[in-house]
Amino acid sequence: VHSSDSLATLATRMVFRGDTNRAEELFVAALAHDSTCVPALAGLGEIMIRRGDVADGLRRFDIAEELQPDAGHQSFGRGLVAERAGEHQSAFEEFMSAFSDDRRNPAYAAAVGRNYRESTQRWNARQMHRRAISADPTYAPALIQLARYHESETEYEKAAPLFRDYIAVVPTDVEAALACATTYLELDSTTRARRVLMSIQHRLQPEHRTDYELAKNFTKTKLA
């Protein structure tokens, strides 16, 4: 028998994997078990807002705020609405307010990080994603964002472990796995690259095939 918190945790993993339908079912099940489960309320609220059910989503955050005052739930919900509308400055301010209320919430830190929009703010964005990972080493959105930052700066020794940790949480993300393998190749870690490539063979879609073959052939060249 699962507790409401364990159901909410599992649902969050489903969100990371892009399976929001299953995640919603699990959040609803958690709330059926315990209507005061704040992680389920917040998780369900976010799904609703992202699909356009703004009023219902905000209502879930309002309930979460009543149950857990001064924990940033209402600010985070408003930030999601602003972000969805492309109002990034408003979103940034709301997310920063939520983060000020709870600096240990990885979702708040990551949300602030992704709403630093200027190139001059990349350092600040990285720091916020690091905060999110520090709060929860399995927080997938921060892991992949920080991995991509380091990859873009050719800082492969920093990108590789982040990609590795991300695909451990989201093994269905073939593009991230290919990026991970490529990063290992840049570091001459051919064995690790081959291990990653082998793990995704059965998940390849046609659009991934070319990148996969290039990476696989490159590992053979390295081993030669």
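User: Is Asp-188 buried or exposed, and at what relative accessibility?

Analyst: Asp-188 counts as exposed because its relative accessibility is 52%; the scale calls a residue buried under 20% relative accessible area, exposed over 50% and partly exposed in between (1.4 Å probe, protein chains only). This is a predicted model in which local features need pLDDT of at least 70 and side-chain atom pairs count only at pLDDT 80 or more, while totals for chains, interfaces and linings use all residues. Residues are numbered from 1 along each chain as its sequence is written, and side-chain values use heavy atoms, with hydrogens and water left out.

User: How many helices and strands does the protein have, and what percentage of its residues count as buried?

Analyst: The protein has 13 helices and zero strands, and along the sequence its pattern is α-α-α-α-α-α-α-α-α-α-α-α-α. Of its 224 residues, 43% count as buried. For contacts, meaning heavy atoms within 4.5 Å, the pairs with a separation of 6 or more are considered, and residues 24 or more positions apart account for 43% of them.

User: How many salt bridges are there, and which residues are linked in a network?

Analyst: The general idea is that side chains of opposite charge can pair when their charged atoms come close. The rule asks for a side-chain nitrogen of Lys or Arg within 4 Å of a carboxyl oxygen of Asp or Glu, and by this rule the count comes to twelve salt bridges. Glu-46, Arg-50, Glu-83 and Arg-114 are linked by salt bridges into a network.

Within that group, Glu-46 pairs with Arg-50, their closest N and O atoms being 3.0 Å apart. The two residues are separated by about one helical turn because they lie four residues apart in helix 3 (residues 38-50). Glu-46 is partly exposed at 22% relative accessibility, and Arg-50 is partly exposed at 46%.

User: Which residue forms a salt bridge with Arg-51, and which with Arg-164?

Analyst: Arg-51 is bridged to Asp-53, with 2.6 Å between the closest N and O atoms; Arg-51 is partly exposed at 43% relative accessibility, as is Asp-53 at 31%. Arg-164 meets Asp-165 in a salt bridge of 3.1 Å, N to O, and here Arg-164 is partly exposed at 39% while Asp-165 is partly exposed at 30%.

User: At what angle do the axes of helix 4 and helix 5 cross, and which residues make the contact?

Analyst: Axes are lines fitted to C-alpha atoms, for helices over the stretch in contact, and angles run from 0 to 180 degrees between N-to-C directions. The axes of helix 4 and helix 5 come within 8 Å and cross at roughly 160 degrees. The two helices are therefore roughly antiparallel, on a scale where angles under 35 degrees count as roughly parallel, over 145 as roughly antiparallel, 65 to 115 as roughly perpendicular and the rest as oblique.

Helix 4 contributes Val-54, Leu-58, Phe-61, Asp-62, Ala-64 and Glu-65 to the contact, and helix 5 contributes His-73, Gln-74, Phe-76, Gly-77, Arg-78, Leu-80 and Val-81. By class, this contact has seven nonpolar, three polar and three charged residues, where Ala, Val, Leu, Ile, Met, Phe, Trp, Tyr, Cys and Pro count as nonpolar, Asp, Glu, Lys and Arg as charged, and the others, Gly among them, as polar.

User: Which residues is His-73 in contact with, and which does Ser-4 touch?

Analyst: His-73, in helix 5, is buried because its relative accessible area is 6%. Apart from its neighbours within four places in sequence, His-73 contacts Val-38, Phe-61, Ala-64, Glu-65, Gln-68 and Tyr-108. Ser-4 belongs to helix 1 (residues 4-16) and counts as buried at 7% relative accessibility. Not counting residues up to four places away in sequence, Ser-4 touches Ala-30, His-33, Asp-34 and Cys-37.
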